[in-house]
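Here's a walk through the pockets and aromatic contacts of one protein model. Have a look at it first, and then we'll go through the details.

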Amino acid sequence: MERRVAERLRGALGPLGLEAHAFKVGWYNAVLQPAFHLPYPDDTLAFVVLSTPSMFEKALKPFVNKERLKIIRDPVDQCISHHLSRVKEKFPDQRVDVMFDYEMLPSRKPKFLAQTAAHVAGAAYYYQRKDVKLDPWGKKKIFGVCIHPKYGGWFAIRGLLLFPDIQVPFLEQPSPVDCVSTEEKRIELLEQFNFHWQDGRYRDIIEVKERYSEEQKAYFATPPAERFRLLGLSQEAQRITFH
């Protein structure tokens, strides 16, 4: 069953520059405090959805061109929401719950921890302070970061698809590829991500197969309120969204 669902998701999401990686809810809940647990049985089938560098051309730009008068919030969020909602239609006999990376609980906690989900699904390795043996940072707060074996840091985690009616007790957990394997490189990665993230060097900590285009880099480097202009969207849309 998992394989059939995965193939259908690949067929729907692949042409949009999106990837879906399967995991069991129990793998995710096992590594987190109860406050962050997903409220489903451990054997429930779930997928973490990533956007790859080609999503900008394959999904975002066509979506903006087609829906330009309907875009009233962040265009990427609205694009991903649109396509994942359409994916649900491909499973008319299944309940499919969707969680997005930008959604918050009333407690202001995120609905799910995106990087943990990517790691337990084997999609990308979540490098954290605990992965460095000789910690050089003392009392500084150090945030972790996921690195994809093909795209390095040139990707984003966009959401979860959960299938509450599908239980997969025998699903085998894949290990994420440890592509930043030396102590020196891990320190360099966490240094760059925490203290120099604006220059994006951390994204190229490994040799990547594909990265964001110059146009896409410019888009994501632009403050959200000004991104509408880059996509050729109207000032009216800006006013609706940000005022």
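The largest pocket is lined by 29 residues, and F155, A156, F193, Y202 and R203 are the ones that lie nearest its centre. Before going further, note that this is a predicted model: local features need pLDDT of at least 70 and side-chain atom pairs count only at pLDDT 80 or more, while totals for chains, interfaces and linings use all residues. Residues are numbered from 1 along each chain as its sequence is written, and side-chain values use heavy atoms, with hydrogens and water left out.

A pocket here is an open set of points on a 1 Å grid over the protein atoms alone, where a 1.4 Å probe fits, with protein on both sides within 12 Å along at least five of seven lines; lining residues have an atom within 4 Å of a point. A volume is the space filled by probe spheres set on the points, which are joined across faces, edges and corners. In the lining classes, Ala, Val, Leu, Ile, Met, Phe, Trp, Tyr, Cys and Pro are nonpolar, Asp, Glu, Lys and Arg are charged, and the others, Gly among them, are polar.

| Pocket | Volume | Lining by class |
|---|---|---|
| Largest | about 1,100 Å³ | 17 nonpolar, five polar, seven charged residues |

For the largest pocket, α5 (114-120), β5 (145-147), β6 (156-167) and α7 (214-221) each supply at least two lining residues. Those labels are DSSP runs numbered from the N terminus, with helices being H or I of at least four residues and strands E of at least two.

Now for the second largest pocket: 15 residues line it, and E2, A6, R10, A20 and A22 are the closest to its centre. Two or more lining residues come from each of α1 (2-13) and β1 (18-24), and α1 gives the largest share, five residues.

β1 is mostly covered, with five of its seven residues buried (buried is under 20% relative accessible area, exposed over 50%, partly exposed in between, with a 1.4 Å probe and protein chains only). It pairs with β2 (residues 44-51) in the antiparallel sense over seven bridges; strands pair if DSSP finds at least two bridges between them. In β2, S51 is the bridge partner of L18.

What about the aromatics? Rings of Phe, Tyr and Trp (its six-membered ring) pair if their centres lie within 6.5 Å, with planes under 30 degrees apart counted as stacked, over 60 as edge-to-face and the rest as tilted. That rule gives ten aromatic pairs. F23 and Y28 have ring centres 6.4 Å apart and planes at 40°, so they make a tilted pair, and both are buried. For W154 and Y212 the centres are 5.2 Å apart and the planes at 65°, so this pair is edge-to-face. The pair links distant parts of the chain, 58 residues apart: W154 sits in the loop between β5 and β6, Y212 in the loop between α6 (183-195) and α7. W154 and Y212 are both buried, and together with F56, Y219 and F220 they form one aromatic cluster.

A charge counts as over a ring if NZ of Lys or CZ of Arg is within 6 Å of the ring centre and within 35 degrees of the ring normal. R203 lies over the face of W154, 5.1 Å from the ring centre, and R227 lies over the face of Y219 at 5.2 Å.
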